[in-house]
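Have the sequence and the 3D view open side by side.

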Amino acid sequence: MKRFLWVGVVLLLGLLPAVAVGAQSRQRCFPETGHCVSGALLDYWERNGGLAVFGYPISDELPNEIVEGTWVGHTQWFERDRLELHSEGVLAGRMGARALELQGRSWFDFPPFAGGLPAGCVYFDQTRH
């Protein structure tokens with residue numbers, strides 16, 4: 001009789017819909033701004049300086065933000081940067097380019113570097129700076 005009962009329980013459990021049990025995403029909330037950071041964005045934020053580098057989150061994660069007119073994806077704004085969730089991982093936003101854009105200027109228009117390279121600097125052919 002016990003064996004029959006166990007078989008019945010196993011068969012009934014097999015008829016129940018499967019429930020996806022995923023790992024719960026870590027989250028850190030900031031009462032200072034009322035926003036939270038979670039998942040891959042939180043991991044990147046913590047690994048790369050956290051509060052000291054990026055500041056507090058000033059938005060929630062935005063699922064479909066258009067960045068630089070060409071890329072659409074998940075982003076989150078912080079006091080000092082924007083983090084972007086790309087297929088290859090999280091990238092920090094190009095805030096210098098954005099600041100110049102808001103001033104009506106383009107970094108392409110700056111004169112290329114000329115002269116001796118100062119100690120500790122690296123020159124990049126791609127940007128001429």
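Ten residues in all make up the largest nonpolar core: Phe30, Val37, Leu41, Leu42, Tyr44, Trp45, Phe54, Phe78, Leu83 and Val90. A nonpolar core here is a set of buried Ala, Val, Leu, Ile, Met, Phe, Trp, Tyr and Cys residues joined through side-chain atoms within 4.5 Å. Buried means under 20% relative accessible area, exposed over 50%, and partly exposed in between, with a 1.4 Å probe and protein chains only. H2 gives the most to this core, with four residues; helices (H or I, at least four residues) and strands (E, at least two) are DSSP runs, numbered from the N terminus.

Before going on, a word on the model: it is predicted, with local features needing pLDDT of at least 70 and side-chain atom pairs counting only at pLDDT 80 or more, while totals for chains, interfaces and linings use all residues. Residues are numbered from 1 along each chain as its sequence is written, and side-chain values use heavy atoms, leaving out hydrogens and water.

Now zoom in on H2, where Leu41, Leu42, Tyr44 and Trp45 are buried. Looking down the axis of H2, you'll find its buried residues within an arc of 165°, so they line one face of the helix; the arc is that of the directions from the helix axis to the C-beta atoms. And what covers them? The cover over the buried residues of H2 includes E1, strand E2 (35-38), H3, E4, strand E5 (82-86) and strand E6 (89-92). Just after H2, glycine 49 takes a positive phi of about 115°.

Leucine 83, another core member, has contacts (heavy atoms within 4.5 Å) with residues including Leu41, Tyr44, Trp45, Phe54, Phe78 and Val90, leaving aside residues up to four places away in sequence.

Next, the aromatics. Searching the whole structure turns up seven aromatic pairs. Rings of Phe, Tyr and Trp (its six-membered ring) pair if their centres lie within 6.5 Å; planes under 30 degrees apart count as stacked, over 60 as edge-to-face and the rest as tilted. Phenylalanine 30 and tyrosine 56 have ring centres 5.7 Å apart and planes at 75°, so this pair is edge-to-face. It links distant parts of the chain, 26 residues apart: phenylalanine 30 is in strand E1 (residues 27-30), and tyrosine 56 in the loop between helix H3 (50-54) and strand E3 (62-67). Phenylalanine 30 is buried at 5% relative accessibility, whereas tyrosine 56 is partly exposed at 22%.

For tyrosine 44 and phenylalanine 54, the ring centres are 6.0 Å apart and the planes at 50°, so the pair is tilted. Tyrosine 44 sits in helix H2 (residues 39-47) and phenylalanine 54 in helix H3, so the pair ties together parts 10 residues apart in sequence. Both residues, tyrosine 44 and phenylalanine 54, are buried. Ring pairs link Phe30, Tyr44, Trp45, Phe54, Tyr56 and Phe78 into a cluster.

Cysteine 29 has cysteine 36 in E2 as its bridge partner. In E2, His35 and Val37 make up the covered face, and Cys36 and Ser38 the uncovered one. In a regular strand, side chains alternate between the two faces of the sheet.

How values were computed. Two strands pair if DSSP finds at least two bridges between them.
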